[in-house]
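Hello,

Here is the structure I promised to pass on. Please open it first, then read my notes below.

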Amino acid sequence: MKQQRSKVSQGSILLSEERCRRHGWWLLLLLTALLYLPGTGTMPLMDRDEPRFANATIEMMERGTWTVPYFNGEYRFDKPPLTYWWMRLHYWLAGKGELGARLHSVVAAYLTALVIGGLVRRVTGASRAGLIAGMMWLTTVQTLIHGRLCVADMPMILFVTLACRALLELIVLGDGKPRILWWWVLWLSLGFGFLAKGPIAWLVPGLTLLLWRFALWRKPVDWRNLRVLPGLAVMILPVAAWGIPALIETNGLFWEIGMGRHVVKRGVEVLNGRKFIPGYYLLTTWLSLFPWLFFIMPVWRTLRARWTAELTFLAAWFVLPQILFSFYATQLPHYVMPGYPAFIALLAVAWCGRGPHDEGVTPSLAKWGASVVGGLIALTFVTSWIVPIDIPDLQMFVRSTSALLLGMFVFGGIGALCAWRARGPWRWIMPIFAVIGSATCLLPFSQSLRQTSVTIQISRALETMPAETPFFGSGYDEPSLVFYTQKRWEMGAKIPAIRQYLEADGPCAAVLLRREWTLEHEIKAWMGQKPRDTPAKDRSKEVDALLADYPDTETHVITGFNGARSSWTEVVVLCRRR
């Protein structure tokens with residue numbers, strides 16, 4: 001440990017131990033602001049999860065309830081309420097818009113960086129190592145994505161990180177002395193973690209502890225500091241304070257649907273048309289942890305050289321979600337994110353524990369990995385300019401998206417490699433420029449998304465409709481319609497039902513999907529597997545027939561991007577104002 005501290009203390013003057021100890025928290029805050037605020041308040045909410053979370057909070061506020069979320073006038077059982085509670089605060093601070101809806105994830109990402117930094121400081125005894133760990137966390141691709149989304153993942157990750165940090169203090173580094181503060185942190189984090197996203201907040205810390213003790217460490221440990229029985233009471237208290245009233249109000253449906261369908265069923269059945277892919281997370285983790293997973297060899301060397309209790313605990317924490325979700329039927333890249341703070345902590349330990357022979361040397365795996373990822377992204381960018389896409393606006397959108405990916409990944413890779421390899425002030429100046437460049441890339445992209453958003457264009461066309469107007473979605477049923485119009489919608493409406501309302505008196509509004517072009521269809525058409533010059537979905541005959549029958553009805557033809565399906569969409573908006 002003394003040798004480790006001496007190596008860290010020989011670091012650059014720019015990030016001296018004293019400066020990192022005194023100023024680390026606001027340096028991470030500044031980095032969070034630079035990376036996560038640009039574009040967060042202008043990029044439209046992406047279907048389908050973001051608008052549901054955002055508007056469920058608004059409907060809870062309008063109903064004056066704190067227990068059961070609603071969306072579009074109906075129960076929303078997908079997640080427990082902690083995220084909605086947190087969003088209510090930010091709606092009050094920043095307004096009921098995109099920034100207020102997403103600010104809880106930004107704050108949770110920053111707080112997680114602080115927790116990771118404190119954990120690394122505890123393991124290494126170096127404030128500089130903790131600051132570097134926080135910076136790594138904030139510049140990881142999956143953190144950059146979910147740290148600015150209106151969903152429940154980042155609050156859950158915050159509480160999982162707190163719980164594992166507390167376990168490290170109580171069991172792994174425990175010396176038999178009572179640590180009452182960390183005991184409260186552990187059990188309250190488990191309780192509020194469940195309120196963020198359900199039982200995953202219990203499974204990851206609990207199974208990590210078992211995996212560490214019985215598979216990696218395999219030495220006796222002192223379990224007394226956990227004080228399990230009173231701890232379980234503390235953990236269950238906040239859950240029961242919400243759960244019992246919620247179950248009573250919904251006659252048990254919150255448990256039946258929220259746990260049965262959205263937790264258990266996701267584990268045994270593939271939902272939403274996704275396919276189960278063996279080894280899925282072994283592939284996606286390389287991109288999710290870009291650029292830092294390409295430095296995995298120093299982590300491996302550090303573990304082999306220092307098979308200590310704290311480092312093996314971090315290894316178990318990183319590996320556990322990979323194992324757990326490999327058997328989970330529904331697969332998404334961010335499901336294994338609760339283990340990412342452990343890898344960042346391990347990498348920070350390896351980073352600051354390098355000897356003189358490691359200075360200025362980039363690990364070969366990092367060189368190889370950065371080259372492969374950069375090459376794939378560059379190939380995607382070049383392909384977007386070569387492959388002909390029949391819809392000019394869609395073609396331009398694909399090109400701008402690939403340019404964004406190329407810019408952000410190139411900047412991120414340059415920053416990481418320079419921070420590891422360069423000497424002197426360039427070691428930190430280049431990553432700073434990389435951070436600014438990555439954030440700058442997002443600004444025009446967020447504006448482009450807003451200008452081409454189908455839903456925002458629809459909301460503008462419908463903003464002067466009378467309050468008593470019924471709204472129908474036919475073919476275009478995205479939840480963002482509810483958020484951006486602040487109206488209740490009848491989704492999945494059939495055209496005959498819309499005809500009935502057009503025949504009757506009174507105002508009426510309907511959004512009808514006319515045609516849709518998907519990138520997958522365009523690529524297959526270019527490869528000769530699909531007919532050229534045809535959309536992936538075409539309802540123009542029945543929609544045009546409806547328009548012909550009601551020529552006096554106000555109509556708006558709108559084209560733009562539908563983020564839920566990554567498609568270019570043409571819709572027709574019918575409006576009758578009286």
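**Salt bridges**

Arg 577 and Glu 554 meet through their side chains in a salt bridge, 2.9 Å from N to O. This pair links distant parts of the chain. Arg 577 sits in the segment after strand S8 (567-576), and Glu 554 is in strand S7 (residues 554-562). They are 23 residues apart. Arg 577 is partly exposed, with a relative accessible area of 30%. Glu 554 also counts as partly exposed, at 28% relative accessibility.

Please keep in mind that this is a predicted model.

Salt bridges that share partners join Arg 122, Arg 165, Glu 169 and Arg 179 into one network. Within it, Glu 169 forms a salt bridge with Arg 179. Their closest N and O atoms are 3.4 Å apart. Again the pair links distant parts of the chain, 10 residues apart. Glu 169 is in helix H8 (residues 153-172). Arg 179 is in the loop between H8 and helix H9 (180-197). Glu 169 counts as buried, because its relative accessibility is 2% and buried means under 20%.

A further salt bridge joins the side chains of Glu 18 and Arg 21, at 2.7 Å from N to O. Both residues lie in helix H2. They are 3 residues apart, about one turn of the helix. Glu 18 is partly exposed at 39% relative accessible area. Arg 21 is exposed at 53%. A search of the whole structure finds 18 salt bridges.

**The nonpolar patch**

Which helix gives the most to the patch? H2 does, with 5 residues. Trp 25 is placed in helix H2. At 49% relative accessibility, Trp 25 counts as partly exposed.

**Aromatic rings**

The structure holds 18 aromatic pairs. The ring centres of Tyr 70 and Tyr 75 are 5.2 Å apart, and their planes are at 40°, so this pair is tilted. Tyr 70 is buried, at 9% relative accessibility. Tyr 75 is partly exposed, at 34%.

Tyr 280 and Tyr 281 form an edge-to-face pair. The distance is 5.0 Å centre to centre, with 85° between the planes. Tyr 280 counts as buried at 16% relative accessibility. Tyr 281 counts as buried at 2%.

Ring pairs also link Trp 212, Trp 217, Phe 313 and Trp 317 into a cluster.

Arg 63 sits over the ring of Tyr 70, with its charged end 3.8 Å from the ring centre.

**Two loop residues**

Is Glu 478 buried or exposed? Glu 478 is buried, with a relative accessible area of 3%. Glu 478 lies in the loop between strand S3 (471-474) and helix H21 (480-485). Leaving aside residues up to four places away in sequence, Glu 478 touches Asp 47, Arg 48, Met 491, Asn 562, Ala 564 and Arg 565.

Leu 293 is in the loop between helix H13 (280-288) and helix H14 (296-305). At 4% relative accessibility, Leu 293 counts as buried. Leu 293 touches Thr 285, Trp 286, Phe 318 and Phe 343, with residues up to four places away in sequence not counted. Leu 293 and Thr 140 are 153 residues apart in sequence. In space they are 9.3 Å apart, C-alpha to C-alpha.

**The whole protein**

The protein has 24 helices and 8 strands. Buried residues make up 54% of its 578 residues. Take the contacts between residues at least 6 apart in sequence: 76% of them join residues at least 24 apart. The accessible surface comes to about 25,700 Å². Carbon and sulfur atoms account for 63% of that surface.

Best wishes

Note on methods. Residues are numbered from 1 along each chain as its sequence is written. This is a predicted model: local features need pLDDT of at least 70, side-chain atom pairs count only at pLDDT 80 or more; totals for chains, interfaces and linings use all residues. Side-chain values use heavy atoms; hydrogens and water are left out. Helices (H or I, at least four residues) and strands (E, at least two) are DSSP runs, numbered from the N terminus. Buried means under 20% relative accessible area, exposed over 50%, partly exposed in between (1.4 Å probe, protein chains only). Rings of Phe, Tyr and Trp (its six-membered ring) pair if their centres lie within 6.5 Å; planes under 30 degrees apart count as stacked, over 60 as edge-to-face and the rest as tilted. A charge sits over a ring if NZ of Lys or CZ of Arg is within 6 Å of the ring centre and within 35 degrees of the ring normal. Contact means heavy atoms within 4.5 Å. Accessible areas come from the Shrake-Rupley method with a 1.4 Å probe; for residues, only the protein chains shown count as cover. A salt bridge is a side-chain nitrogen of Lys or Arg within 4 Å of a carboxyl oxygen of Asp or Glu.
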